[in-house]
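Let's walk through this model one piece at a time, starting with how some of its helices cross and ending with the chain as a whole.

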Amino acid sequence: MLNKDSAIHIPQHFLSNQAVTKIFTDILLHFLVGRIKDLSNTDKREGQVILNLFRIIFHGISTYPDNEPVLKLHVRTIVIACLKHAMQEKRPTSYYQLLKNFFRSVSSGKYELLQKEFIQLLKNLIENLCKLLKEAQEDDTKELLVELCLTVPARLNFLLPHIPLLMKPMVQALNGSNEMVHLGLKKLEQWVENLQPNFLDPHLQTVKDDLVPALYKQLQSGNNTFAVNAIRILGKLGGRNRRLLRNQVPLEGKENREDGLVVSVQLPKSSGGSATINIALDDAVKTAAVMLERPVLTFITNGRPFS
């Protein structure tokens, strides 16, 4: 395989043969896990071959579910080894790519055994990924780490203690490539839909200075899908979105005319034709803004105020 590309069809054949796939997966995993350190040699053929073989094994569990218990035995070793070498190597991209392939494969189906293994690793995994993201310099590396942070294969209820750490990666995703924006909007909408306001809102407040401009950026991006998703998220937040939006959206204002903000209304005349009436809105807008800023609105009914 190091000298001839077509040789990779040999392990592919054994992995796709139902009679021997489980045994061969076990043998090949033991071989590959012992050589994870060689992933740093992606400039050489060896690193690419190892990465490709891992990818074939990960994808194989969807076709052959019996391979899941075999892969389960190596989850901890693979994850810890990737994190360890990523912290030591100057060019750790291949380790992130291996985790990306692993996360995607586990998240693509109902692999209870594999997800249970990840649950035990969640704290250290997310903390280390966020640490690596903070230290990353290259944009491609940052994007890989943002995706890893937001696609850790675990159900939302297990991720709850780690939501505060995931806020910044989510915001970074909203400012990234189209693929990352899609992921960031999807993740934020999932949180808004499924988490209680008294839990989620304080965490949103910690990133509101970056979150609101990121959402506003998507409203102006020209991408209809992203704009609709951003509006839908703000709609699901309901009145709570005003806490985030207050004094945050960088709107470009235009100077009003000398007579201020005016709406022109055309009314029909009894004698025929129509008459144009200009209604000044400045006072109405100011009054509405003042009322919205108040924690409790006061109304007047029958000459008496009530809240």
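Helix 10 and helix 11 cross in a left-handed way, meaning that the near helix is turned anticlockwise from the far one by less than a right angle (clockwise would be right-handed). Helices here are DSSP runs of H or I with at least four residues, strands are runs of E with at least two, and both are numbered from the N terminus.

Before going further, a word on where this comes from. The model is predicted, so local features need pLDDT of at least 70 and side-chain atom pairs count only at pLDDT 80 or more, while totals for chains, interfaces and linings use all residues. Residues are numbered from 1 along each chain as its sequence is written, and side-chain values use heavy atoms, with hydrogens and water left out.

Two packed helices are described by the angle between their axes and the distance between the axes. For helix 10 and helix 11 (residues 178-194), the angle is about 140° and the axes are 7 Å apart. That makes the pair oblique. Helix 10 brings Ile163, Leu166, Met167, Met170, Ala173 and Leu174 to meet Met180, Val181, Gly184, Leu185, Leu188 and Trp191 of helix 11, where contact means heavy atoms within 4.5 Å. By class, this contact has 11 nonpolar residues, one polar and no charged.

Helix 10 (residues 163-174) also packs on helix 13 (residues 208-219), at an angle of about 25° with the axes 9 Å apart. On the helix 10 side, Met170, Val171 and Leu174 make the contact, and on the helix 13 side Asp210, Leu211, Ala214, Leu215 and Gln218 do. Those residues divide into six nonpolar, one polar and one charged. This crossing, too, is left-handed.

Now for a single residue elsewhere. Thr141 sits in helix 8 (residues 139-150). Is Thr141 buried or exposed? Thr141 is buried, with a relative accessible area of 10%; buried means under 20%, exposed over 50%, and partly exposed in between, using a 1.4 Å probe and protein chains only. Leaving aside residues up to four places away in sequence, Thr141 touches Thr93, Tyr96 and Ala136.

Zooming out, the chain has 16 helices and four strands. Of its 307 residues, 39% are buried. Among contacts with a separation of 6 or more, 63% are between residues 24 or more positions apart.

How values were computed. Axes fitted to C-alpha atoms, helices over the stretch in contact; angles between N-to-C directions. Nonpolar A, V, L, I, M, F, W, Y, C, P; charged D, E, K, R; others polar. Parallel < 35°, antiparallel > 145°, perpendicular 65-115°, else oblique.
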